[in-house]
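Let's take a friendly look at how the parts of a protein chain can be held together. Keep the picture at hand as you read.

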Amino acid sequence: MAAITSLGIGSGLDLNGLLDQLKEAEQAKLEPIAQQIQSEDTKISAYGQLKSALEQFQNSAQALNDGSSFESLTTNVEGSAVGAVSSNEAQPGQYEVQVGQLATASSLVTERLETADESIVTGEQSLTFTLADGAMDPITIADGSSLEDMRDAINQQSDGRLSASIINDGEGYRLAVNSTETGADASIQSTNFSGILAGDVQTTDAQVVQAGQDAEFNVNGIDIVSPTNQVEGAIQGITLNLSEAGATSTVSVEQDSEAIREQVTAFVDDFNTLKDTITSLTAFDEETGQAAGLNADATTRAVERELRQTISSVVGGDGFSVLSDIGISLQVDGKLEIDEDKLDSIVANQPDQLASFFAGDSEEGGMAGQIATSLESLVGTGGRLESAVDSSERRYASLEERFTTTESRIEQTVDRYRTQFQAMDSMVAQMNSTSAYLTQQFAVLDQQS
């Protein structure tokens, strides 16, 4: 059978052009399906944007639904005596801290030797250190060890309690051992270093021992002793880091009003962002006639309705009842606006009432809890938005299958047209050939007659 490029040769007709026109007409059936696929794809993408904005607002509501959000404290320190870090267990107050002395670690420096890398021990020996809180396990010193080997053995076998190094004082070498812990009880008192040396090893000078000491300080006139410079528990919920002896610091723990205000502001900002997102996704451009992905979408309208009802709801109790009571009002355009002065005054003077309004006495008792629960029914597993997305995805898959089926049917139709045109072309060619033959024969007969 002839290829499509040979169509029309026998008949003299533009069958290739006609076949292209028929194919184009058939493929026009795909356009409405493709448009529907594009529409569903746009809708699915728009649902994703809506869900993201809803989840962000839900996170803000959940943060305000946690009563501890309103218990944030800030710690300020004036003076160089200490640094301070507070936890949630801290209580507002002011504390004067005077540091008498800092905690220090002890050290022991052995007698002087002439060499650091030559053998000074015969046979395996046990090097012992006596600490203020008792003797620690002996350090095993191998036969033939040098001062450097002793240093390494101490660092490896002391379970991190001691740190050893070698000092060259200009006249020889000494083993310096430091306690890794501060305080009087961790002080190194003595060692049998010289007693384990080989008989021919000569030492000069004597051991030098520097005892460790405890930190001494007082808080609001109460004397306190600590083995370390990092002190927990002297003030409830506050860790003090002692830094300068003979100095005084004032530690102030206050309600962190700025942190509370930032969370409330984030709640309002995220709601307004959500409102802008919904407006954008449901818009209609009258000039171009173009509609956004969720224009006239029933699910989106339900989301807007639910948000409006929840934001306008009333919280029971003797304190604040509605958002406007704390300086947050719903505007004509559907957004929230903050009365800065009113909110600042409430944050500074009524933080407990503000916490009760947002967090309530139960998980769903306050405004934030009601909003978070309402949003969960929209964006949670099995929620309305998930159902809408599932429906769009099923329709999208169905349309893609329909597009493929229609495309295959069009190809079959065009192939049928091509076969019919080829048959017609061949038939017309044969008829033209017969006509030419007969014309020729009639002409011959006419000449003979």
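At 18% relative accessibility, Lys 275 counts as buried, because buried means under 20%. This is a predicted model, and the side chain of Lys 275 meets that of Glu 304 in a salt bridge. Glu 304 sits in helix α5 (residues 298-311) and Lys 275 in helix α4 (residues 257-281), so the pair links distant parts of the chain, 29 residues apart. Glu 304 itself is partly exposed, with a relative accessible area of 22%.

Helix α4 also holds Asp 276, whose partner Lys 335 lies in the loop between β20 (328-330) and β21 (336-338), 59 residues apart. Both are partly exposed: Asp 276 at 39% and Lys 335 at 24%.

Which helices does the pair of Arg 395 and Glu 40 tie together? Arg 395 belongs to helix α9 and Glu 40 to helix α2 (residues 30-64), so parts 355 residues apart in sequence are joined. Here Glu 40 is buried at 7%, while Arg 395 is partly exposed at 41%.

| Salt bridge | N to O distance |
|---|---|
| Glu 304 and Lys 275 | 3.1 Å |
| Asp 276 and Lys 335 | 2.8 Å |
| Arg 395 and Glu 40 | 3.3 Å |

Among the residues in salt bridges, Arg 112, Asp 169, Glu 171, Arg 174 and Asp 205 form one network through shared partners.

Helix α9 (residues 384-448) also includes Leu 445. Together with Tyr 437, Leu 438 and Phe 442, Leu 445 makes a nonpolar surface patch of about 450 Å².

Note on methods
Residues are numbered from 1 along each chain as its sequence is written. This is a predicted model: local features need pLDDT of at least 70, side-chain atom pairs count only at pLDDT 80 or more; totals for chains, interfaces and linings use all residues. Side-chain values use heavy atoms; hydrogens and water are left out. Patches are made of residues with over 30% relative accessible area and no salt bridge: like charges are joined within 9 Å, nonpolar side chains (Val, Leu, Ile, Met, Phe, Trp, Tyr) within 5 Å. Accessible areas come from the Shrake-Rupley method with a 1.4 Å probe; for residues, only the protein chains shown count as cover. A salt bridge is a side-chain nitrogen of Lys or Arg within 4 Å of a carboxyl oxygen of Asp or Glu. Helices (H or I, at least four residues) and strands (E, at least two) are DSSP runs, numbered from the N terminus. Buried means under 20% relative accessible area, exposed over 50%, partly exposed in between (1.4 Å probe, protein chains only).
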